[in-house]
Amino acid sequence: MTPLLSVRDLRVSFALDEGLVRAVDGTSFDVMPGQVLGVVGESGCGKSVTMRAILQLIERPGRITSGEIRFRRRDGDNAVDIARLPPRGPEMRDIRGGEIALIPQEPMAAFSPVHTVGDQVIEAILLHGHRWQEGGRRLRRAEARDITVGLFRDVGISMPEQRIDAFSWQLSGGLRQRAMIAMALSCKPRLLIADEPTTAIDVTTQAQVLALLRDLQARYNTAIIFITHDLGVIAQMASYVVVMYLGRVMEQGPVDDIFHNPRHPYTKALLRSIPSLHGATRVALPVISGALPHPFNRPPGCPFHPRCPDAMARCAAAIPSLQPVAAHQLASCFLHHDQAEPA
Ligand SMILES: Nc1ncnc2c1ncn2[C@@H]1O[C@H](COP(=O)(O)OP(=O)(O)OP(=O)(O)O)[C@@H](O)[C@H]1O
């Protein structure tokens, strides 16, 4: 199968007065059509910056310094390299919101407080109206309103006819996140990026929003990149997992292989840190020894080696590349390079 999205050796840096932050430092992964890809890693490992790069939303002084983000457009035979597109150009504007949609962590910030949520979804539908029409006719506002009511109903908002006339600040956190998902679906995306979409809502509502995303993915066959620092959520949502640390992919593979046969010491440490699902509170346990290095002081060699229980001399000297360690599993770790090398 041909990937819908193919990220190759992506690098994103922020040139600050204090120094250069290499937020994404050679990340590679693919997303297949209709796949739910989980991207996991501790806070600050570059998950959000990678996703913002895919949408060409990196704010100054950040910039994509190298790499490819190849995306197969709805009507295109060949993939377009998003990394080469001008961020504010017409093609990028058409892709952003038209083919790739983002569900942010905190929808309060994404909705304008001065327009109703319904009006904002209606505007988005009118902007990308050609996705909803037969034969190129302009969509009328009343039709866009009907579509919005249908979307609100699809995402499980009761009394959608009334709720579309609410302002975002009048809705509960859970309803606001559902309205944001309706907004993201308004362009019939082929790829949905959900950036910790349940961070700002309570645990019961979290479970409902996760179930909703699973249901929507099955119904529309939308590919989803699901970002989280919670492996428990990955287990429920994803079929394939990318594990990131300090802007690099440490390991990737099918969810069962990552959970039952993790190869990278960082993945193993993350798995040990899964909070108890049965506990009253879900507090991450500090079982990964050592702290995340300061962004200006990246360690040389493998970025995880100062915290790694299995580190060897060569881990400080060179960066291991991402290599196959099993049929569908890749890891960037010298422990496995040795096995891969011929005797
Ligand atoms: N606007 C910015 N200016 C400077 N540095 C930034 C900026 N945005 C992100 N960074 C840096 O890039 C690195 C990666 O950040 P990113 O937000 O992608 O991490 P993350 O894995 O998404 O974390 P979280 O789980 O907390 O959202 C961090 O070191 C962060 O400090």
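**Entry 1: the four-stranded sheet**

I began with the open sheet of 4 strands, ordered β2-β1-β4-β5, whose pairing is antiparallel. I took helices (H or I, at least four residues) and strands (E, at least two) as DSSP runs, numbered from the N terminus. I counted two strands as paired if DSSP finds at least two bridges between them. β2 and β5 (79–81) are the edges; each has a single partner strand, so one side of each lacks a neighbour in the sheet. On average, neighbouring strands here are turned by 10° against each other, direction ignored. Axes are lines fitted to C-alpha atoms, for helices over the stretch in contact, and angles run from 0 to 180 degrees between N-to-C directions.

This is a predicted model: local features need pLDDT of at least 70, side-chain atom pairs count only at pLDDT 80 or more, and totals for chains, interfaces and linings use all residues. Residues are numbered from 1 along each chain as its sequence is written.

**Entry 2: pairing within that sheet**

I went through the strand pairs next. β1 and β4 run antiparallel and are joined by 8 bridges. In this pair, Ser-13 stands opposite Arg-63 of β4. Strand β4 (residues 62–72) also pairs with β5, antiparallel, over 3 bridges. Here Phe-71 faces Val-80 of β5, and Arg-72 stands opposite Ala-79 of β5. A hairpin of 6 residues links β4 to β5.

I then looked at what covers the sheet. α1 lies across β1, β2 and β4 and runs at about 70° to β2.

**Entry 3: the ligand shell**

Which elements supply at least two residues each to the shell around the ligand? I found β1 (5–16), β2 (19–31) and α1 (47–54). α1 gives the largest share, 3 residues. The shell holds 16 residues, and Ala-23, Ser-43, Lys-47, Ser-48 and Val-49 come nearest. A residue is near a molecule or strand if its C-beta atom, placed from the backbone, lies within 6 Å of it. By class I noted 7 nonpolar, 7 polar and 2 charged residues in the shell. Ala, Val, Leu, Ile, Met, Phe, Trp, Tyr, Cys and Pro count as nonpolar, Asp, Glu, Lys and Arg as charged, and the others, Gly among them, as polar.

**Entry 4: the eight-stranded sheet**

I looked up the other open sheet: 8 strands in the order β6-β7-β8-β3-β9-β10-β12-β11, with mixed pairing. Strand β3 (residues 36–40) pairs with strand β8 (residues 223–228) in the parallel sense, over 5 bridges. Val-36 has Ile-224 of β8 as its bridge partner. Helix α11 (residues 265–272) packs on this sheet and touches β3, β9 (240–245) and β10 (248–254). The direction of α11 makes about 100° with that of β9.

**Entry 5: a helix crossing**

I checked helix α4 (residues 117–127) against helix α5 (residues 141–154): their axes come within 9 Å and cross at roughly 115°. On the α4 side, the contact residues include Val-121 and Ile-125; on the α5 side, they include Ala-144 and Leu-151. Two residues are in contact if their C-beta atoms, placed from the backbone, lie within 7 Å. The contact has 7 nonpolar, 2 polar and 2 charged residues.

**Entry 6: confidence**

I noted the scores last. The mean pLDDT (the predictor's confidence in each residue, from 0 to 100) is 87, and 92% of residues reach 70 or more. The model scores ipTM 0.95 and pTM 0.88. Over residues 276–286 pLDDT stays under 50, and the model has 7 contacts for them beyond four places in sequence. Where pLDDT is low, predicted coordinates should not be read in detail.
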